[in-house]
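Please take them with the coordinates open beside you.

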Amino acid sequence: MYNFTLYMPTRIHFGKGQISHLSELRESGTKVLLVYGGGSIKRNGIYDTAVDILKKAGLTIYDLPGVEPNPRIESVRKGVEKCKAEGIDMTLAIGGGSTIDCAKVVAAGAKYDGDPWDLVLDRSLIKSALPIYSVVTLAATGSEMNPSAVISDFTKHEKWGTSAPALVPTMSILDPTYTFSVSKRQTAAGTADIMSHTFENYFSFENADVQKAFGEALLKVLIKNGPIALAEPDNYDARASLMWAATHAINGLTKMGNAPAWCVHPMEHELSAFYDITHGVGLAILTPVWMEHILSERTAPIFAAYGRNVWGVTAADDMTAAKAAIEKTKEFLFETLELPSSLRAAGINDKNNIEAMAEKASRKTAQSFVPLTQADIREIYEAAF
C-alpha cells in the first residue's frame with residue numbers, strides 16, 4: 001500500500017425527507033445557482049420542494065436548466081456567465097452526476113478569469129470555487145462526495161475529466177426515494193457505472209487488503225441490489241444500498257493507497273465524445289472486453305480472487321477461476337441487467353473513429369493496472385463491436 005492522504009469534507013444528509021437541510025445553504029450566502037437537467041425534477045415535485053425551502057431560508061434563486069447527460073462546456077459557460085453577472089454565492093445541483101459535474105465546473109469557472117474549458121484541460125488552474133451543494137436523484141457517478149468532474153466539448157469530440165480539492169461538495173443530500181422514478185435502463189446503467197468505479201480501484205497489484213475488501217463488499221452489494229431495484233423500483237432498501245454504494249465507490253475510500261491510473265473510463269470517455277453513448281452502457285460493454293484483453297498468467301490471480309470473493313467461484317486453478325469470473329461479470333451486465341453486450345447492440349455501427357479514439361485514450365492509460373498502448377485500445381474497441 002502506497003502513501004496517501006484522504007480528506008472527505010462533504011457533509012452528507014442521507015434518507016427520506018433530508019432535503020429539508022437545503023436551508024443550510026444560507027451559511028454560504030444569499031444567491032444560489034440552481035443547476036438541473038431536462039426537467040424531471042419539475043415533473044416529480046423535487047424542484048418545487050427545493051425552491052420552497054430555499055426561499056423560506058431567504059435565498060434568491062437563479063436557474064440553469066437543461067444540463068445534458070454528458071454535460072457540455074456550453075452549459076458550463078452559461079452558468080459561469082450568470083454567476084459573474086449576478087454575483088452568485090454558491091451552486092446547487094439537483095440531479096445525477098452530469099448535473100453535479102456541471103455545477104462543479106461552473107463553481108470553479110466563477111472564480112476564474114478565462115474560459116472554463118481551460119479548467120477541464122488543466123486542473124492545476126483550479127485554485128478556488130464557489131461552495132457546491134447537491135441533491136442526488138440517480139445512483140451512479142458518486143460525484144456528490146468527490147473532487148472530480150467530467151465535461152464534454154462535442155465540437156472537438158473531446159470529453160475530459162478534471163479534479164481539484166475545491167470541487168468537493170460542501171454538502172450533499174441523498175434521498176433514495178428520489179431514485180424510485182429512475183427508469184430500468186438508467187438504473188442498470190448506473191449500477192454498471194458504480195461497478196466500473198469499483199473495478200478501476202480494485203484491479204491493482206498493490207497489497208491493500210482493506211481497500212480490496214471494501215471493493216469486494218461494494219460489488220456484492222451491487223450484485224444483490226441492482227436486480228431488486230430493476231424488479232421493484234420503489235424498494236427503499238435496494239435503492240438506498242445502490243445510492244450509498246455509488247458514493248463510496250469513488251469517494252476515495254477504495255482508491256487511496258491502492259488504485260493505479262484508470263483505463264476503462266478513458267476509453268469510454270472517447271466513446272461518449274464521439275457517439276454520445278450513455279456512460280454506464282459504454283462502461284458495461286468495454287469492461288469484459290478489457291478484462292479478457294489483459295488476462296494473463298500475471299493478472300489471473302487477481303481476477304481469480306475477484307471471482308472467488310465476489311462470485312463464489314470454486315475453481316482451484318487461478319486461470320480457470322479468472323475466466324469464470326469474467327463470464328459471471330458478462331452474465332450480470334448483459335443478462336441480469338439487460339444492458340447491450342456490444343457497441344452494435346447499443347446502436348453504434350461506425351468504426352471510422354476507432355483510431356482517433358484509441359490515440360486520445362492512450363494518453364491516460366500508460367500507468368494503468370496493465371498499461372495499454374494505442375494498439376491495445378484499438379483492439380479493445382474492435383472486439384467491443
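1. Helix H9 is mostly covered, since eleven of its twelve residues are buried, where buried means under 20% relative accessible area, exposed means over 50%, and partly exposed lies in between, with a 1.4 Å probe and protein chains only. The buried set is made up of Val 264, His 265, Pro 266, Met 267, Glu 268, His 269, Glu 270, Leu 271, Ser 272, Ala 273 and Phe 274. These residues pack against E6, E7, H6, H10, helix H13 (354-362) and helix H14 (374-384), with contact meaning heavy atoms within 4.5 Å.

2. On provenance, this is a predicted model, in which local features need pLDDT of at least 70 and side-chain atom pairs count only at pLDDT 80 or more, while totals for chains, interfaces and linings use all residues. Residues are numbered from 1 along each chain as its sequence is written, and side-chain values use heavy atoms, with hydrogens and water left out.

3. As for its geometry, H9 reaches 16 Å from its first C-alpha to its last, close to the 16 Å expected at 1.5 Å a residue; the expected span is 1.5 Å times one less than the number of residues. H9 is followed by Asp 276, whose phi is positive, near 55°, although Asp 276 is not a glycine. Most residues other than glycine have a negative phi. Asp 276 is found in the loop between helix H9 (264-275) and helix H10 (279-294), and with a relative accessible area of 36% it is partly exposed.

4. His 157 is found in the loop between E6 and E7, and its 34% relative accessibility makes it partly exposed. Lys 156 is placed in the loop between strand E6 (148-153) and strand E7 (158-163), and at 42% relative accessibility Lys 156 likewise counts as partly exposed. Leaving aside neighbours within four places in sequence, Lys 156 is in contact with Trp 117 and Lys 360.

5. Which elements do the buried residues of H8 pack against? They pack against strand E1 (11-14), strand E5 (132-136), strand E8 (171-174), helix H6 (184-202) and helix H7 (209-231). Ten of the 14 residues of helix H8 are buried, so this helix is largely enclosed by the rest of the structure; among them are Arg 239, Met 243 and His 248. Helix H8 (residues 236-249) reaches 20 Å from its first C-alpha to its last, close to the 20 Å expected at 1.5 Å a residue.

6. For the chain as a whole, there are 14 helices and eight strands, taken as DSSP runs numbered from the N terminus (helices H or I, at least four residues; strands E, at least two). With 385 residues, a compact globule would have a radius of gyration near 21 Å, and the 20 Å of this chain agrees; the radius is taken over C-alpha atoms, and the globule rule is 2.2 Å times the number of residues to the power 0.38. Of the 385 residues, 58% count as buried. Among contacts between residues at least 6 apart in sequence, 77% join residues at least 24 apart.
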